[in-house]
Amino acid sequence: MSSSPPPSSAAASPSCPKKMIALRSSDGETFEIEEAAALQSKTLENMIDEDCAGTPIPLPNVTGKILAKVVEFCSKHAEPGVDDESLRAWDAEFVNVEQATVFDYILAANFLEIPTLLNLTCNVVADMIRGKTPDEIRKFFNIKSIFSPEEEEEVRRENHWAFE
Amino acid sequence: MVNWEELPREILELIARRLAIEDFLAFRGVCTSWRSTTAKETYDTKSKTPWLMIYADNQRAEFRSPTTGRIYPMQVPGSHVRTLSAPGWILASQGDRDYHIFNPLSRVSIELPALKKLRRKSRLRVQLDGPKRLQRRHPRINRIALSSGPSSTRSYVVMIHIHQSLGPLGFAFHRSGDDAWTAVSPTMYLRRSTVLQLIYYDGLFVALDANKQIMTFNKRNHRMESRLILGQNIFEGHPYLVECSGSLLAAWTMWGEGYGPVKEIRVFKVDLEKGTEEEVKSLGNASLFLNGNSSFSVEFNAESCLLGVKPNHVYFMDNIDEKKKSYSMDNGEVETYFDAILSHDRFYFSLPEREDFEESTGVGPSSL
C-alpha cells in the first residue's frame, strides 16, 4: 500500500472532526478510531492523510488484542468533559491486568508514541519494582540474569545494604 | 513470549527515573541490560530523595530512606562520620586519626595521609612537627571538601582545614596519589579564623570563616584569596555554603530570640567574580539540604523522583532541638521533616558515582 506524504500539521486538530481512521493490526484485524483519539499517538498523527479518505494504517508491531485496548485508551482520553479523578480511576482499572499485558501496553505505547499511556505503564512497572530486592525482581518478572563474575561482585557490593 | 530483560533502553530509563534510591539500586542488580541503562550518563544523583544518615558509631552507620521508612545499617571505617559533597561519599575517622573517604554503598575506602605528613616547610608544618607538640595540640580535620568524587580514572583534590586544641591552624590539600598533605601558606592580610564552611564550587575551593570572609584557593600561588565579606546585617545565624542551579548560595539559618529554634532562613547568591552578594527570595524549582560539612541542592524536573521533598524549601537540622525540619521559602513556614531525635542526623546522598575502582596492591583505594 502506498501512502501519501505525511501532513505537515503543526497543531493536532482534526481535519475532519468526526472522521474515523482505520488501523490494521499485525494479525490482520481492522479497528476504527476517531481522528481526535488517534491524535493521542504521535506516530498516527504523522501517518494520517490530509484528505478524508484513507486506507487502513498497518501497524505490524501491535496485535489485535492489544490494539483494541489501545484504541479504547485513546478514545477515553479524547473524551470531552471527563474530570481528572474519574480518568485516574479509569486508568487504574485499565492497567489492572496481567504483567504480560502491561508489557505489551508499554511496547505499543512506545511504538505508537502515546505519552499518557507510556507514563501510566511505566508508573505501574515502577510500582511492581518498589520494595523488592534484585532477586525478588528477577523472580517477579521471570528474568534469568547472567552477570559476568565482575558484575556479579559489583552487584553484591552495591546491594549489601539490603541484606546486612 | 514476554521478555522483560529486552525492554528497549529508553523505556528502562523512563522506569529507572521513577525509582527511589534503594529501588534504583535494586533495579541495577537485576540483569545486564537493566544495569547498563543506569550508567552514570543517564542519571543525575541529585534527582532522588536523599537518605538520612541517622546513626554513626562503633564503625556502623544507619541510613534511613524517608520515602519508605526503611533503615539500612552499614559498616563504616570509623566512629566519627561526616558527609562529603561528592555524592555518596563520607569522611570517617577513628577519633582524630585514621581518616578515610568512604562510600558505604560500594564499600570503597580511601585512606587519607596522616595530618602530620605535610610536604612543604611552612609555619604550619613547624607547628605540627615534633611528637610532643603534636600530641598536645591534637590536630584534626575541621572541614573537608573534594574537587570531585574519588575515582581511579581521574585525579581529584582534597582540601582540608585543620584545627588543633588551641584553635584554627590552616588549610592543606592533597592530590589523589600523593602520600602527604601540602600546606597552604597563610595569607598576610587574612586573619586566621575558624573556618565554618569549605566547599568546591565551579572549579574553586571556597571557604567562609567566622569573620564572614569568603576566600578562594588560588591554585597557582597556593594561597587563599579574599573575595568578599558576607552578611553585614546578619548577626544571629549560622551560614552554609551550597551550590544550587549553578550558583553559589550562602544560606543563613537564623535562630529566634535567646537562641531559640530556627525562625527564618535567608539565602544570598554570591558572585565571586564581582565580590557581591544579593538576597534570593526563591529557589525556584530547587531545594536545599544543609549539612554541617557539606550541603547540597536538588532540582525538580522531568527526570527527578523527589518523593516527600517539596521545591523551594530548605531542609536543615535545628541544633536547638536536634530535629530535621523544612523551611518554606514561599511563606516562611517551618515544619518538622523527621522528628526522631537521633545522633548524627545528617542528610546523605547515597547514589554512588559511577566510577569503578580496580583492586590494586599499591597505594590507592581498597574495598572494605
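In chain A, strand β2 (residues 30-34) has a covered face made of F31(A) and I33(A), while T30(A), E32(A) and E34(A) lie on its uncovered face. The model is a predicted one. Strand β1 (residues 20-24) of chain A pairs with β2(A) in the antiparallel sense, over five bridges. Within this pairing, I33(A) in β2(A) is the bridge partner of I21(A). The two strands form a hairpin with five residues between them, and G28(A) in the turn has a positive phi of about 80°.

Chain A as a whole contains eight helices and three strands. From the N terminus on, its elements follow the order β-β-α-α-β-α-α-α-α-α-α. Of the 164 residues in chain A, 41% are buried. Among contacts in chain A with a separation of 6 or more, 61% involve residues 24 or more positions apart.

Leaving aside neighbours within four places in sequence, A109(A) is in contact with I114(A), L117(A) and L118(A). The C-alpha atoms of A109(A) and L39(A) are 13 Å apart in space, and the two residues are 70 residues apart in sequence.

In chain B, four strands form an open sheet in the order β8-β9-β10-β11, with antiparallel pairing. Strands β8 (140-146) and β11 (182-183) of chain B stand at the edges; each has a single partner strand, so one side of each is left without a neighbour in the sheet. Six bridges join β8(B) to strand β9 (residues 157-164) of chain B in the antiparallel sense. One of the residues involved, R143(B), has H161(B) in β9(B) as its bridge partner.

The two chains meet through 36 residues of chain A and 39 residues of chain B. About 3,400 Å² is buried between chain A and chain B, and carbon and sulfur atoms give 61% of this area. Ten residue pairs are in polar contact across the interface of chain A and chain B. On the side of chain A that touches chain B, the elements giving two or more residues are α5 (99-112), α6 (115-129), α7 (134-141) and α8 (149-158) of chain A. The residues of this side comprise 18 nonpolar, nine polar and nine charged. One salt bridge is counted between chain A and chain B. It joins the side chains of E154(A) and R35(B), with an N to O distance of 2.7 Å.

Over all chains, the count comes to 14 salt bridges. In chain A, the side chains of K69(A) and E72(A) meet in one of these, at 3.3 Å from N to O. K69(A) and E72(A) are separated by about one helical turn, because they are three residues apart in helix α3 (residues 64-78) of chain A. K69(A) is partly exposed at 27% relative accessibility, as is E72(A) at 36%. A network of salt bridges links D135(A), R138(A) and K139(A).

In chain B, R9(B) forms a salt bridge with E13(B), and their closest N and O atoms are 3.5 Å apart. Both residues lie in helix α1 (residues 9-17) of chain B, four residues apart, or about one turn of the helix. R9(B) is partly exposed, with a relative accessible area of 39%, and E13(B) is partly exposed at 21%. The side chains of D98(B) and R97(B) also meet in a salt bridge, at 3.5 Å from N to O. D98(B) is partly exposed at 38% relative accessible area, whereas R97(B) counts as exposed at 54%.

Conventions. Residues numbered from 1 in each chain as written. Chains lettered and ligands numbered in written order. Heavy atoms only, no water. Pairing = 2+ DSSP bridges. Contact = heavy atoms within 4.5 Å. Buried area = accessible area lost by both parts, 1.4 Å probe. Salt bridge = Lys/Arg side-chain N within 4 Å of Asp/Glu carboxyl O. Polar contact = N/O pair within 3.5 Å; in protein donor to acceptor, adjacent residues only side chain to side chain. Nonpolar A, V, L, I, M, F, W, Y, C, P; charged D, E, K, R; others polar. Buried < 20%, exposed > 50% of the residue type's maximum accessible area, 1.4 Å probe, protein only.
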